[in-house]
Amino acid sequence: MVELDSIRREYRSGQLSRADLLDSPFDQFEKWLQFAVDTEIQDPTAMCLATVDEDGRPSQRTVLLKQLDATGLTFFTNLESRKALDIKGNAAVSLHFTWLQLNRQVAVEGLAEKLPLTSVLKYFISRPRESQFAAWASPQSRPVDSRSILDSEFSRMRQKFSQGDVPLPSFWGGYRIIPQQWEFWQGSVNRLHDRFQYRKSAEGQWAIARLAP
């Protein structure tokens, strides 16, 4: 067995104070995200999306953040996937960005809403052509007997749509996560990490509180 209890490191990257934080969690997140991009860490837009099904069973998977604005965080997916079916029954979700190379994490809790068709189409036509073929070829989250079946279906889609634009699948779309709560985590020494929570009030204002590590 792997000895796990001795695997540890110190987080030596300074401290995070209330004075360091911007009033808007969107602005604060964009600042940290831009730093992650500029630092060239691997997959800075990767986020763990957690959903809950109708029986209360949670599931997680990594998706990519594709759009960010003052209303929310956006990703795209197959609308027949497990995540989409979970969201259909329960729109409450959470996101988690893990930037361990920077000793930083960001957690977001909010509600998912489907994007309008115009937004989905605009993004779909911007994707690499091979990704468009893959969207058609993959029955996401459903069992397949072999990899060769997927490869064969991908080849069939490539041939089928060899001429002209690849049409948007009716089963492909996107979601905007509208945040209700954010948490910014900065690793610090002696496990006394800095955690700050932004929580939205009934009046729509963001209250900021320090949390114990």
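Analyst: A charge sits over a ring if NZ of Lys or CZ of Arg is within 6 Å of the ring centre and within 35 degrees of the ring normal. The model is predicted: local features need pLDDT of at least 70, side-chain atom pairs count only at pLDDT 80 or more, and totals for chains, interfaces and linings use all residues. Residues are numbered from 1 along each chain as its sequence is written, and side-chain values use heavy atoms, with hydrogens and water left out.

User: At what distance from the ring centre does Lys160 lie over the face of Trp136?

Analyst: Lys160 is placed over the face of Trp136. Its distance from the ring centre is 5.9 Å.

User: Why is the pair of Trp136 and Phe171 edge-to-face?

Analyst: Rings of Phe, Tyr and Trp (its six-membered ring) pair if their centres lie within 6.5 Å; planes under 30 degrees apart count as stacked, over 60 as edge-to-face and the rest as tilted. The centres of Trp136 and Phe171 are 5.7 Å apart. Their planes stand at 85°, so the pair is edge-to-face.

User: Is Phe171 buried or exposed?

Analyst: Buried means under 20% relative accessible area, exposed over 50%, partly exposed in between (1.4 Å probe, protein chains only). The relative accessible area of Phe171 is 17%, so Phe171 is buried.

User: Which residues touch the most other members of the largest nonpolar core?

Analyst: A nonpolar core is a set of buried Ala, Val, Leu, Ile, Met, Phe, Trp, Tyr and Cys residues joined through side-chain atoms within 4.5 Å. The largest one holds 32 residues. Those touching the most other members are Phe29, Leu73, Phe75, Phe97, Trp99, Val106 and Trp182.

User: Over the ring of which residue does the charged end of Arg104 sit?

Analyst: The charged end of Arg104 is 4.2 Å from the centre of the ring concerned. That ring belongs to Trp32.
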